[in-house]
Amino acid sequence: MAALGPSSCLLYRELCHREQGIHPFNGGGCSLVSVGGGGLYSWQPGGSRKRIWGGEVKMRGFWQNVSRPTSIEMEAINGMEDLDRILALSKELSQAIVIDWMAAWCRKCIYLKPKLEKLAAEYHPRVKFYFVDVNKVPQALVKRGNISKMPTIQLWKDGEWKAEVIGGHKAWLVMDEVREMIQKHL
């Protein structure tokens, strides 16, 4: 028998339920499970050992990569100096950046922001994600980005604008287009 389980408690529960038709947690919670001596053994409270599986047991552990974030909060760009600093840093690090030009009153913009933050985690650390709230920054910055509609998601690389997606349609289509844009320019 080969078993894949994130913990001995889950493995024990699964084996007891499937093979013996019993519920393992009647009477006091999870017990320690060990492999050896031709089977799978449960160590009960009080020190007694009970054989719960008599066949061959092969166990492998599987843990998700918990060090990788599922979402990375985008940093705000608040002025021309911020944009200049970010572009210079991205050029120095040869790192592409994505800028989400949005407005707090734009429902589509607000809806896309958490989706873009999940995308930021997918491409971390190769691509850095930022956002600009066009109502909170000088209009010179908005003109520099050549923004006329929101949301506009731009990709910049080597300090230069490379591509953009204007997100006036369904969110899943916008996200697909952003992924394609990133893949094309990475």
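1. Residues 24 or more positions apart account for 64% of the contacts (heavy atoms within 4.5 Å) in the protein with a separation of 6 or more. The model is a predicted one, in which local features need pLDDT of at least 70 and side-chain atom pairs count only at pLDDT 80 or more, while totals for chains, interfaces and linings use all residues. Residues are numbered from 1 along each chain as its sequence is written, and side-chain values use heavy atoms, with hydrogens and water left out.

2. The protein has 5 helices and 10 strands; these are DSSP runs, numbered from the N terminus (helices H or I, at least four residues; strands E, at least two). Of its 186 residues, 38% count as buried, that is, under 20% relative accessible area, with exposed meaning over 50% and partly exposed in between (1.4 Å probe, protein chains only).

3. Helix H2 covers residues 80-93. Its buried residues are Asp 82, Leu 83, Ile 86, Leu 87 and Ser 90. Seen down the axis of H2, they fall within an arc of 125° (taken from the directions from the helix axis to the C-beta atoms), so they line one face of the helix. On the other side of H2, Glu 81, Lys 91 and Glu 92 are exposed. The partners of the buried residues include strand E7 (96-102) and helix H4 (139-144).

4. Lys 113 lies in helix H3 (residues 107-123). Lys 113 is buried yet has no salt bridge, defined as a side-chain nitrogen of Lys or Arg within 4 Å of a carboxyl oxygen of Asp or Glu.

Definitions and conventions: The expected span of a helix is 1.5 Å times one less than its number of residues. Lys and Arg count as positive and Asp and Glu as negative; His and the chain ends are not counted.
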